[in-house]
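Subject: Structure handover

Hello,

Here is the structure I promised to pass on to you. Have a look at it first, and then read my notes below.

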Number of protein chains: 2
Amino acid sequence: MKKVTINSVASYAGVSKKTVSRVLNNEPNVSAATREKVLAVFKELDYTPNPIARGLAQNRSFIIGCIYDNPSKSYITRVQTGALAACQENNYNLLIHPCELRGDALINNIEQLLQSSRLDGLVLTPPFCDFGELVDFLKSKKIPYARVASAILDDDSISVTSNDEQGAFEITEHLINLGHTSIAFIKGHPDHSATEQRFKGYRRALTTHGIEFNERLVEEGNFSYHSGVDSARSILDLSPRPTAVFASNDYMAAAVLKLATQRNLRVPDDISIAGFDNAPIARHIWPGLTTIAQPVEEMTKQAVTQLITHIIEPQESPYKVILEAKLITRESTAAVK
Amino acid sequence: MKKVTINSVASYAGVSKKTVSRVLNNEPNVSAATREKVLAVFKELDYTPNPIARGLAQNRSFIIGCIYDNPSKSYITRVQTGALAACQENNYNLLIHPCELRGDALINNIEQLLQSSRLDGLVLTPPFCDFGELVDFLKSKKIPYARVASAILDDDSISVTSNDEQGAFEITEHLINLGHTSIAFIKGHPDHSATEQRFKGYRRALTTHGIEFNERLVEEGNFSYHSGVDSARSILDLSPRPTAVFASNDYMAAAVLKLATQRNLRVPDDISIAGFDNAPIARHIWPGLTTIAQPVEEMTKQAVTQLITHIIEPQESPYKVILEAKLITRESTAAVK
DNA sequence: TTTTTTCATGACACCGGTGTCACAATAAGG
DNA sequence: CCTTATTGTGACACCGGTGTCATGAAAAAA
């Protein structure tokens with residue numbers, strides 16, 4: 001099995017390389033007859049263009065990078081799934097780049113990544129989508145990028161997000177409608193803009209329903225299960241104990257559930273628990289967690305599709321989409337007794 | 001910021017392209033003085049070779065692909081982490097390729113993947129590592145590959161695995177030592193060789209301790225949480241009810257725990273539950289799951305490192321490693337009352 | 001010292017595509 | 001019927017590296 005190059009196709013079809021290239025790229029100014037002929041030879045010789053050669057000639061890599069730093073494996077795989085779907089549709093590849101760095105070290109790391117991989121573009125997932133320094137750096141280097149799930153919308157970049165504030169509002173309202181007035185809240189990691197957004201939604205729901213905000217009911221978490229355990233301890237030690245807990249993500253909510261169960265509290269009879277994200281764990285534990293589902297795959301897919309579109313043909317107007325988050329009620333929340 | 005190519009470096013240093021190339025690749029036959037000079041220019045001009053051009057010249061892509069089909073997100077990310085670690089050390093990139101196909105469709109899909117991405121090699125994770133047809137196809141195409149966590153060892157390929165049979169033996173023995181004699185077992189997906197291995201370990205432990213194997217205690221699962229729920233239902237409906245359940249992975253074990261809890265059974269007082277894999281969920285639920293931890297990252301990292309080594313310089317002797325699995329005891333197992 | 005071998009280096013083609021431009025053939029305009 | 005556009009096509013350089021081979025200089029052997 002010898003390899004089939006554009007040269008073999010050209011000579012076999014009796015045309016020049018360039019003409020074959022034109023057919024490959026759907027360029028105009030090729031007669032229908034010639035196009036047919038060349039396409040037939042593609043089939044016959046089972047020809048696939050070499051993306052590396054193409055990349056060299058066009059100074060492209062056909063690879064986009066996805067940067068993340070997230071304790072939730074399910075979130076990461078959902079992001080990857082969405083990004084891959086978009087890549088496959090456009091004959092792009094996806095390079096994954098987990099990264100725990102911050103500040104200058106982050107910038108250096110990304111610079112090196114770009115240097116060594118010649119990525120055509122970057123997808124920034126939380127928390128990177130909200131790092132001004134990083135975004136400015138990419139802008140200065142003229143590297144196309146798209147932001148997923150960012151709260152910052154007043155800029156000129158591609159951004160697809162979901163409404164965290166509204167989601168948090170709705171789930172808090174759900175608890176309030178069940179009669180809860182003492183609702184503890186566990187914050188997420190301060191680097192993530194979602195942390196602020198979810199907190200805002202929580203407070204807005206309280207305000208809307210005339211419930212006074214109580215700072216003592218708020219705990220600082222960081223989205224990790226472990227931080228949820230610490231926060232849960234503080235909350236369950238409060239007296240009087242709140243009748244509900246809204247954790248900024250499902251892992252922390254699961255931690256609250258675990259600790260409550262260990263202390264022989266019945267959920268939801270003694271205490272209601274709500275999470276955020278609809279991670280797999282939300283339905284893998286008993287009772288299942290009431291939570292907010294976001295279309296993570298869809299967000300990422302749209303962002304990457306738009307990013308690739310932009311790479312191929314730079315757009316002037318930035319693509320901005322906000323998708324809906326949806327309340328999922330399970331067994332972990334119930335009316336206050 | 002103009003781009004720095006090998007040509008600019010060459011003219012700046014007053015040597016030829018080829019000499020620069022020699023320095024880049026640590027080739028011999030370059031005088032120390034010249035090497036120093038060129039290296040200094042690398043620094044000064046902040047030069048990074050273009051991997052695409054390099055790939056074209058050497059007919060390599062510096063990308064390896066990782067194929068998987070696994071319901072466990074945590075397993076996938078662990079595999080990725082290990083693979084990425086190895087890639088980064090060798091200036092390789094990782095292309096992820098989730099794939100749910102089987103049979104001819106699988107082969108076609110992989111063929112297309114190879115055609116369009118020009119991967120230098122492939123990492124096969126379960127269940128693909130055990131698909132003879134796929135392996136034969138790769139062999140016939142002379143695509144280097146490495147197998148991770150496969151039970152098949154009597155071939156001439158790169159393979160890094162852990163001892164599933166022994167792990168299953170140990171955890172079953174752990175239950176037996178706690179006084180359990182009626183231990184239900186939930187099998188995994190039949191495509192995975194681990195399914196067979198873990199079942200063997202379970203049976204060997206029974207035999208070793210003189211416990212008669214009872215087919216009615218064995219349920220067919222497929223590693224998914226959902227299948228665990230179905231299996232759990234059958235097992236908990238048995239009369240007499242087994243005093244312990246060993247599920248082939250943690251998701252199914254979590255399902256058993258959920259169902260048992262829903263039925264007001266106390267774990268481990270009324271029934272002990274053991275899993276396999278040490279997935280995050282094993283410690284995120286209450287009670288935490290007794291399970292077997294495998295060095296997934298390490299396995300994958302070794303496999304990929306070896307794969308890249310092989311790509312650079314084909315080895316004659318296949319690399320075979322079996323790593324140890326480790327019993328982790330948590331609260332879900334206890335002595336039978 | 002002369003011959004042979006080894007070493008350091010560069011010229012040049014090549015990897016497999018794409019961009020630019022020239023050019024002939026055809027179509028449209030006056 | 002003779003310009004002037006328009007269209008289809010190919011020659012050729014180029015993208016940024018690496019492989020092959022020739023060559024002159026230095027080192028080793030005779």
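A residue counts as near a strand here if one of its heavy atoms lies within 4 Å of it. Please keep in mind that this is a predicted model.

Let me start with the DNA. Of the atoms of DNA strand C within 4 Å of the protein, 60% are sugar or phosphate atoms, and the rest belong to bases. Sorted by class, the surface near DNA strand C is made up of 10 nonpolar, 11 polar and 6 charged residues.

B:Arg22, by contrast, has a polar side-chain atom 2.6 Å from a base oxygen of DNA strand C. The elements that give two or more residues to this surface are helix H2 (17-24) and helix H4 (51-58) of chain A, along with helix H2 (17-24) and helix H4 (51-58) of chain B. H4(A) provides the largest share, with 5 residues.

Next, the two protein chains. Their contact takes 45 residues from chain A and 45 residues from chain B. About 3,900 Å² is buried between them, and carbon and sulfur atoms give 63% of that area. A:Ile52, A:His284 and A:Trp286 supply 17% of the area that chain A buries against chain B, more than any other three residues.

What holds polar atoms together across this interface? The rule finds 12 residue pairs in polar contact between chain A and chain B, but 0 salt bridges. On the chain A side, the elements giving two or more residues include H4, strand S1 (63-68), helix H5 (73-89) and helix H6 (103-117). H5(A) gives the most, with 7 residues. That side of chain A divides into 20 nonpolar, 17 polar and 8 charged residues.

Over all chains, the count comes to 33 salt bridges.

- A:Lys141 and A:Glu111 meet at 3.1 Å, N to O. A:Lys141 is in the loop between helix H7 (132-140) and strand S4 (145-148) of chain A and A:Glu111 is in helix H6 of chain A, so this pair ties together parts 30 residues apart in sequence. A:Lys141 is partly exposed at 23% relative accessibility, and A:Glu111 is partly exposed at 23% as well.
- A:Lys320 pairs with A:Asp155, with the closest N and O atoms 2.7 Å apart. Because A:Lys320 lies in strand S11 (residues 320-323) of chain A and A:Asp155 in the loop between S4 and strand S5 (158-162) of chain A, the pair ties together parts 165 residues apart in sequence. A:Lys320 is partly exposed at 31%, as is A:Asp155 at 21%.
- B:Arg147 and B:Asp155 form a salt bridge at 3.1 Å, N to O. B:Arg147 is buried at 1% relative accessibility, whereas B:Asp155 is partly exposed at 22%.
- A:Arg266, A:Asp269, A:Asp270 and A:Lys337 are linked in a network of salt bridges.

Happy viewing, and best wishes

Note on methods:
Residues numbered from 1 in each chain as written. Chains lettered and ligands numbered in written order. Predicted model: local features only at pLDDT ≥ 70, side-chain atom pairs only at ≥ 80, totals over all residues. Heavy atoms only, no water. Polar contact = N/O pair within 3.5 Å; in protein donor to acceptor, adjacent residues only side chain to side chain. Helix = DSSP H or I, 4+ residues; strand = E, 2+ residues; numbered from the N terminus. Nonpolar A, V, L, I, M, F, W, Y, C, P; charged D, E, K, R; others polar. Contact = heavy atoms within 4.5 Å. Buried area = accessible area lost by both parts, 1.4 Å probe. Salt bridge = Lys/Arg side-chain N within 4 Å of Asp/Glu carboxyl O. Buried < 20%, exposed > 50% of the residue type's maximum accessible area, 1.4 Å probe, protein only.
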